[in-house]
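I opened this entry to look up the ligand site first.

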Amino acid sequence: MGRAIVVGAGIAGLTAARALADAGRDVLLLEATDRPGGKLRSGEVAGITVDVGAEAMLHRRPEGTALATDLGLPLTHPTPASSRVWTRDALRRLPRTVMGAPVDLDDLADSGILSAEGLERARHQAVAHLDGDVSVGDLVGARYGDEVVDRLVEPLLGGVYAGQARRISARSAAPQLLDLLARPEVTLPAPVTGAPPVFAAVAGGMWRLPLALEADLRDRDSAEVRYDAPVTALRRTPSGFVVTTPAGAEAAELVVLATPAAPSARLLADPAPDAAAELEAIAYASVALVTFAFRRADPGVAEALDTGASGFLVPPVDGRRVKASTFSFAKWDWVRTAGEGLLVLRTSLGRFGEEASLQVPDEALVRASLADLATATGLTAPPVDAVVQRWGGGLPQYWVGHADRIARLRAAVARVPGLAVCGAAYDGVGIPATIGSAQRAVAGLLA
Ligand SMILES: Cc1cc2nc3c(=O)[nH]c(=O)nc-3n(C[C@H](O)[C@H](O)[C@H](O)COP(=O)(O)OP(=O)(O)OC[C@H]3O[C@@H](n4cnc5c(N)ncnc54)[C@H](O)[C@@H]3O)c2cc1C
C-alpha cells in the first residue's frame, strides 16, 4: 500500500491522518505553521491557559465527543448560566429560539428584545413557502418580520459564522428551520430535565484535543507530522501525486487536503481545476477574540460580571464594536477554578464584510472591547491582563447555494482517484461536523 499525505494539521487533518494510520497506511501530515490544531488553540491570560479559538462542541453530534473520549480526554459541559442579548440599550434574556426563530411568542415578548411594532409583526406570523435554497434571514423574516432577523437571527448566526443572516443558506446552516417554519404552528417540546446537554468541551480546554491527536500519531511508527511545511503545489503523476513544500517534493498514492478553501483551491488548480473554481467562490469572515482577566475583588467587578449570565450577543443593528462576549468563568467550571479569584471572559469582534474594522492595533481592539463592556455591564475596573487573538479568514460563509456548490466540487474531486478534501469549508463549520467530514473523506478514499 502506498503512502498517504494529509495537508493541514487542523482538527480535520489530524483526524484524517489518524484514520489513515488506523487503516494501516503510512501517513505524512504536513502543516504550514509550527503547531497542530488550526482554530483550536491555547493562549495565556494572567498565567491561565485558556482557549483562544474554538471553546466548545456540539454534544448532540457524536463525532467530537466520541473522538475526545477515544483519546482518553475528560469531557465537561457548560454550566446552566444562560446568555443575554445586548440590544435596545439593555442586557436582555435570550428567549427560546431555533437559530433565532422564536418558538414561544409570549416568552419573546417578556424578553423585551423587540420593539412593540416588531413584536406585533412577529405575532402576525405568515407561513411562507419559499422555493429553493433561501437565506436564514429571508426564511425567518418572511414568517416573523425583519426585527426578529435583525435582533435574534443576526446575533446567533454572527456567533457561529460571523456572517450575515440574509446571505447564509438555511439549507446548509439551519436545515431544521425549513421544516419547522413550514408548519402552521411553531412549537417545540419543553426542555426535559435531565436531557443530555447540547454542548460539551474538553475539560481544561478544546486545545487539548488536537494535542492528544498529535501525540497519538507520534506514538505510531507509520505516521509522521511535519511543521513549518507549507504545501505549495500538488501535481498528479502516473502512480499518484507529488506534493511540493519549500524543503522538497514528496510522493504519495493518496492525498487529503484538509486546508481552508483558498489554499485548497490553489493546490487543486492542477489536478482538479473545476473543484478549485468552486472553492474560490467560498468567502471567509475574519474575527478577533480578546480574552481578559479581571480581579473579582476589584470594585464593581463582581456586581458587573458575576451575575449568573454566561455572556451576551450583540445584534449588528445596535452598532456596537463587539459582536459577543463570553463570560468563560461563568460558562465553564474549569475556567473559574483555574482563575483563582480572577474572572476570565472574552469579547469577539468582526463579521463578514467588516475586515477593515479589525485592521487596527491590538490596543484598539482591547479599548473598544472595554468601552462596550463598560456600557453593557457597568464594568469600570481595569483588567489584570488582555490577550488578542486574530483569526483572519477564520470562518467560511455558507451562502445560499452552498450545498449545490459542494456537490459539484465533490463530483470534480471524485474524478481524481486517490484525492479527497475535508474540513470546515464543506459540510459544517463546527468541530463535530469538521471531524465527520475528515472521517468520511478517508472512508471514501479507502473504499
Ligand atoms: C474564533 C473561532 C471560534 C470558533 N469556535 C468554535 C466553537 O466554539 N465550536 C465549534 O464547534 N467550532 C468553532 N469554530 C469553528 C471550528 O473551530 C473550525 O471550523 C474548525 O476547527 C476548522 O478545522 P479545520 O481542520 O477544517 O481547519 P483549520 O483549523 O483552519 O486547519 C487548517 C490547517 O491547515 C493549515 N494550512 C493551511 N494552508 C496550508 C498549506 N498550504 N500547507 C500546509 N498546511 C496548511 C493551517 O495552518 C491550519 O493548521 C470556531 C472558529 C473560529 C475561527
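A polar backbone atom of Val-231 lies 2.9 Å from a nitrogen atom of the ligand. I then checked the oxygen atoms. Glu-31 places a polar side-chain atom 2.6 Å from a ligand oxygen. A polar backbone atom of Glu-55 is 3.1 Å from an oxygen atom of the ligand. The ligand taken alone exposes 1,000 Å², and the protein buries 86% of that. These areas come from the Shrake-Rupley method with a 1.4 Å probe.

I note the basis here. This is a predicted model, where local features need pLDDT of at least 70, side-chain atom pairs count only at pLDDT 80 or more, and totals for chains, interfaces and linings use all residues. Residues are numbered from 1 along each chain as its sequence is written, and side-chain values use heavy atoms, with hydrogens and water left out.

Next I listed the shell. The ligand is surrounded by 35 residues, each with a heavy atom within 4 Å of the ligand. Glu-31, Lys-39, Ala-56, Val-429 and Ile-431 are the closest. I sorted the shell by class and got 21 nonpolar, 11 polar and three charged residues. Here Ala, Val, Leu, Ile, Met, Phe, Trp, Tyr, Cys and Pro count as nonpolar, Asp, Glu, Lys and Arg as charged, and the others, Gly among them, as polar.

Which elements supply at least two residues each of the shell? I found helix H1 (11-22), strand S17 (284-295), strand S21 (385-396) and helix H18 (431-446). S21 gives the largest share, three residues. Helices (H or I, at least four residues) and strands (E, at least two) are DSSP runs, numbered from the N terminus.

I moved on to the whole protein. I count 18 helices and 22 strands. The C-alpha atoms fill a box of roughly 70 × 55 × 45 Å along the principal axes. Of the 447 residues, 54% are buried. Buried means under 20% relative accessible area, exposed over 50%, and partly exposed in between (1.4 Å probe, protein chains only).

Last, I checked phi angles. Ala-46 is not a glycine, yet has a positive phi of about 50°. Ala-46 sits in the loop between strand S3 (42-45) and strand S4 (48-51). Ala-46 counts as partly exposed because its relative accessibility is 29%. Asp-89, also not a glycine, has a positive phi of about 65°. Its loop runs between strand S7 (82-87) and strand S8 (90-93). At 67% relative accessibility, Asp-89 counts as exposed.

Definitions and conventions: Polar contact = N/O pair within 3.5 Å; in protein donor to acceptor, adjacent residues only side chain to side chain.
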